[in-house]
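Subject: Structure handover

Hi,

Here is the structure for you to look over. My notes follow below it.

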Amino acid sequence: MDGRVKVVGQVERVDGRSLTYAEFVDRFMAPNRPVVLTGLTSSWRACQDWALPGPADRRRPDLGFFARNFPSPLVQVADCSTREFTDQKRLEMSMQEFIDHWTGASSGEEREGSLLYLKDWHFVKEYPDYVAYTTPTFFLDDWLNMYLDSHPVHRDPDIANHKIEINCSDYRFVYMGAKGTWTPLHADVFRSYSWSANVCGRKQWLFLPPSQSHRIFDRNMRTSVYSLDDDVSEKQFPEFNKTEWLECIQEQNEIIFVPTGWYHQVHNLEDTISINHNWFNAYNLQWVWNLLYEDYKVAKEYIEDIRDICDDFEGLCQRNLAANTGMNFYDFFIFIVRFALANVIELYHIQNSEDVTFSTETTHHFVYNLESIRNVASMMRTAEAFSSENVCQMSEDNRSAFSDVKRILEEESFRRLLMSLSKAYGHINRGQRTYPKPRVSNQEGCLSASCLRSDCNVVDHITSLICKVCGPEDLVRLIDSALSDG
């Protein structure tokens, strides 16, 4: 980038095979620091199928394999040469059209100067029977994708539609781009974590710590720098010249962990295929709420002048927030209520276990998760969206999704979420406790992979703590009761 930014350090590299989960949390996830992990992709089918051998043990994309085996009717492609608002212009085309453009085999309209980058391809959802990779243990505590595997992101019928549900069906993606394709400066969706693995190719990453993020914005904190390759206007962005960046050249087979709130810009230095997940959990849940709250204030300000003539002003604010950010307060509250209940169930089984020996670290996971949810719910208590008047006006689909605790515990979608959470922590903690083989249970009481009792009464236990959650205050009370039980 021609020395336009001040690089003050390189992202640390660690052999992932020598790192425990607890060490990863202590060194990188909890302190919110980036890291490159090596040695974790050798068994991936994608590394064998998706690339061809090249000189000096370098691999290159096998585009023919994709054309033959994954003929997606439509994929989303970014035109790297064309800006559209705060991002690159997005196009939709068939996989074959994209590959033809890449290889130069397409005839017809002039393509010169256009660099196309396939992004945000929901590969796992589209081809569930093809197991391209295994998510590394460090990234299994993924509440976002666990939830979306069993729940819709929106329940309000005024928001949910087929296209939105497809685009929000998960946050597991494949990216494919020729040398020179790139992604503009940004922080990740929902201020999530992300991880990105290079199946083949090389990428240059530039990272800005969250403590400096204000320096890439204008004085009003509304517009941010689009590209580090541009001549950034000192008049518009007076603090930009004070920014200090970390750099990383990511090689094939390497995985980079992108922490919450770190703005970054990425360039493909070679033809590249990567696998990318966005995710969040207890360690960055507050970041998600903070983003929603800040974006809500902006959405509300835009329409404040129609408050007096609007029958459901708060509902309109929430619909606009969902459209702009991908989630609103009600979507998020349903999300944290259900994760709170799942964690309460897991903690209950630890506290009442006779058959399984659990480690202190296992207990810590669930206690920390509940404390994190409680912290966020406490901040939500003063939100206008949860006033008694606005709760009465919200859609029945939203209200019923968080209010009736017994009904939630009996839903198949919640049971699937609980099983996913239970299995994830079983995998994370394997070796630290004797963990029963996950099984499909026909018991009515619970579906935790750690429960072996046919007469489990966890549902009765939770409903004895609280039977209705009418808002954040009730969720705080439920968590306090569950934690005091131990």
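Two strands count as paired if DSSP finds at least two bridges between them. Helices (H or I, at least four residues) and strands (E, at least two) are DSSP runs, numbered from the N terminus. This is a predicted model: local features need pLDDT of at least 70, side-chain atom pairs count only at pLDDT 80 or more, and totals for chains, interfaces and linings use all residues. Residues are numbered from 1 along each chain as its sequence is written, and side-chain values use heavy atoms, with hydrogens and water left out.

Strand β11

β11 covers residues 193-200. It runs antiparallel to β16 (residues 272-279), joined by seven bridges. β11 is also antiparallel to β14 (residues 255-258), here through four bridges. W195 takes part in both pairings: it stands opposite H277 in β16 and opposite F257 in β14. Is β11 buried or exposed? Eight of its eight residues are buried, so β11 is largely enclosed by the rest of the structure. Buried means under 20% relative accessible area, exposed means over 50%, and partly exposed lies in between (1.4 Å probe, protein chains only).

The open sheet

Five strands make up an open sheet with mixed pairing. The order is β1-β13-β12-β15-β10. β1 (6-10) and β10 (182-186) are the edge strands, each pairing on one side only. From one strand to the next, the twist averages 25 degrees. Axes here are lines fitted to C-alpha atoms, for helices over the stretch in contact, and angles run from 0 to 180 degrees between N-to-C directions. β1 pairs with β13 (residues 244-250) in the parallel sense, over four bridges. There, G9 has L246 of β13 as its bridge partner.

Helix α1

α1 spans residues 21-29, and its buried residues are Y21, F24, V25, F28 and M29. They cover an arc of only 110 degrees around the axis, so they sit on the same side of α1. The arc is that of the directions from the helix axis to the C-beta atoms.

Loops

Most residues other than glycine have a negative phi. A56, in the loop between β4 (51-53) and β5 (59-61), has a positive phi of about 55 degrees. A56 is exposed, at 73% relative accessibility. F85 has a positive phi near 60 degrees. F85 lies in the loop between β6 (75-84) and β7 (87-93) and is exposed, with a relative accessible area of 73%.

V131 is in the loop between α5 (123-126) and α6 (143-148). V131 is exposed too, at 53% relative accessible area. V131 and R45 are 86 residues apart along the chain, yet their C-alpha atoms are separated by 7.2 Å.

The whole protein

The protein has 17 helices and 16 strands. Its radius of gyration is 23 Å, which agrees with the value near 23 Å for a compact globule of 486 residues. That radius is taken over C-alpha atoms, and the globule rule is 2.2 Å times the number of residues to the power 0.38. Along the principal axes, the C-alpha atoms fill a box of roughly 65 × 60 × 45 Å. Buried residues are 55% of the 486. Of contacts (heavy atoms within 4.5 Å) between residues at least 6 apart in sequence, 77% join residues at least 24 apart.

Best wishes
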